[in-house]
Amino acid sequence: MLDLSGYLELSTFMCHMLSDEPDSKALRSRLDTLRDPVEIESARDFALLSARLTADSADDSVHLVNQPEFFVSALGELDHERLHYWQLLTYPILQLNLLYKMEKVRCEVAEVPGGDPSLLAGLTTGGAVAPSAYVDILRARLLGQLDASRGEVELEQSDEDGLAEQELHYGIVSGGGPGSETHYVGWTYHSSSGFVGRVHFDVRHLTEAMASVTEALSSDHQPLVEANSSEDLLYWGAWLYFRRFFAQEEYTVRELMRLFLAILDCALMGDCAMVHDHRESSDSLEQYFREVSVGARFKLLVDLGPPPEVQNQVRDDEWLGGYQWYVSRQLGWPPPTEVAGRQMLRLTRIVGAYLGSLHDEREDVVEARSAHGRLLRVDVRDWLGHMEDIGRVWASLNAGLREWRFGFVGFRSISMMINALASRVGESRWYPDLVSRPRDLAHRFRLPLIKLGDEYFPDTPVPGKSLHFDHPIDATPMDVGTDALRLAVLSPIAEPREPGRVDHSQCGLIDRSTGVASCFYTSISLGCPGKGLTDQERARREQYELADFCHYTVASVRLHIAPDEVARRWHKRWTDTHTYVSDLPSIEDLFGDRDGTSRE
């Protein structure tokens, strides 16, 4: 399933139905039982032809498998994962984390002789990348906010005092190295049965608590009353802390759950400045993160609670949006809608940079480029006054989405983030209540891709009432799914290694623990070029003229990090088939030996 524990993995934009989970095994077995052998062979032949066509067109093959009705019903149980996906799209700290990881890939691609980071989206754009030391510090600071258990926590009060008094713990969490410290807030939990555990008020614990309470609320189940394991605390610890502050007679459990979701949503909507926007604040990034620490925000919101004069209005859907505005002003924070608007402008600046790649000199496109230039110079706090320019950029980007074939890796994922933020800005009054209705979120923001074993399935939410909203940028779930697959494939590039060297056997779709590759190409008996091919797999590839073509090959060639022999061969094939690719370099650009180094 969608695993948010691996925050630093780009593959979290895909929903992995892990093969070793009992539910996934049962689903896989039932699918295999119902499939007709003749239909399987026919579908495989079609998939092989599809792979051949995409190989000729310098594109990638993301072949979706049609699923029977029972599979659609099973996917209706993925509300937990759909909510996590919406969190990834919506909350600035998770957006920043994904952009950090994408920037890390850009930095590593730039280190490879001839590598072209301009085909990747990230915190920066074009050929220039962020300084690697700065990116590393950003990672360490993010790590403490996202998952405190992975950092080193130094408490300002001793564990003994906390255990004895069941008080909150304050301190510093370090992701490693100087300058990586951020504020920490945690709580020691005691159960009536004697279980004692620590609850970190970090992004991982808060997002899991949000998903758990949302599931309970949408299914009319009661939330957990007492935890007896660390796993219970991961999913329910923040809720159990919250419950201590509100007497049962003040609210029903259902009302408390809705209020809890509104508080969590507000806590996670802190304004995290982008790395290239540090001019907005004279403070250091460390200070900025301290001001938006999710743990500190959550604690302050719980302490404040709803103002007495409006406590009875918690039953009103629209009141939750007003409540968030009220408490944000009380605490001196920009309200969530304001944060969404600022972030929407920041992300528009990133994707708008690619307007320069449009081979189009029409008046509206030229004006959109000018609008983007103006957006780079404005204060993000003035985003509302520049919506006309933002709209111009979005309109031209939609034209770009239709023109770009391979496109810029990460572009569509960032575009969907903009759509989620625009949705929030447009419906700010009642939007917090939407968190309690994951089925509505699922219809707006379907999972990009569901990977079961080596096959890819579309997300098809079960029928239900859905509120219509037009996305300003025409990025579809399939667009983002393709993007997610490429990000997953490239993720090992960002791992520690010798500078300027890429291990071409380490595709992100190869399981690190087992070494087994599972993707579309292995599903149709084409094997994995990175792991080595059997004679049968090699023969099948020769039959369909696929050679070593796969998700990783097309990505590495397009980013100019493939071995010279591989790049030459595929460049010649795409030239011979008259493939038009706006970002494909010339032979001279690829192999001009700019620094005398060959890529092996």
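These notebook entries record what I looked up in a predicted model of a single chain.

**Overall make-up.** I began with the secondary structure and found 25 helices and 7 strands in the chain. I then checked burial: of the 600 residues, 57% count as buried. For the accessible surface I noted a total of about 24300 Å², with 49% of it belonging to carbon and sulfur atoms.

**Contacts along the sequence.** I looked up how far apart in sequence the contacting residues lie. Among contacts with a separation of 6 or more, 70% are between residues 24 or more positions apart.

**Nonpolar cores.** I turned to the largest nonpolar core, which holds 120 residues. Within this core, Trp239, Phe242, Phe260 and Phe298 touch the most other members. Helix 10, spanning residues 253–268, supplies the largest share of this core with 12 residues. The contacts of Trp239 are then Val213, Pro223, Leu224, Val253, Leu256, Met257 and Phe260. I also recorded another core, lying apart from the largest one and made up of 33 residues. Its members include Leu449, Ile524, Tyr544 and Ala562.

**Leu384.** I located Leu384 in the loop between helix 15 (363–375) and helix 16 (387–403).

Notes
Residues are numbered from 1 along each chain as its sequence is written. This is a predicted model: local features need pLDDT of at least 70, side-chain atom pairs count only at pLDDT 80 or more; totals for chains, interfaces and linings use all residues. Side-chain values use heavy atoms; hydrogens and water are left out. Helices (H or I, at least four residues) and strands (E, at least two) are DSSP runs, numbered from the N terminus. Buried means under 20% relative accessible area, exposed over 50%, partly exposed in between (1.4 Å probe, protein chains only). Contact means heavy atoms within 4.5 Å. Accessible areas come from the Shrake-Rupley method with a 1.4 Å probe; for residues, only the protein chains shown count as cover. A nonpolar core is a set of buried Ala, Val, Leu, Ile, Met, Phe, Trp, Tyr and Cys residues joined through side-chain atoms within 4.5 Å. Lists of a residue's contacts leave out its neighbours within four places in sequence.
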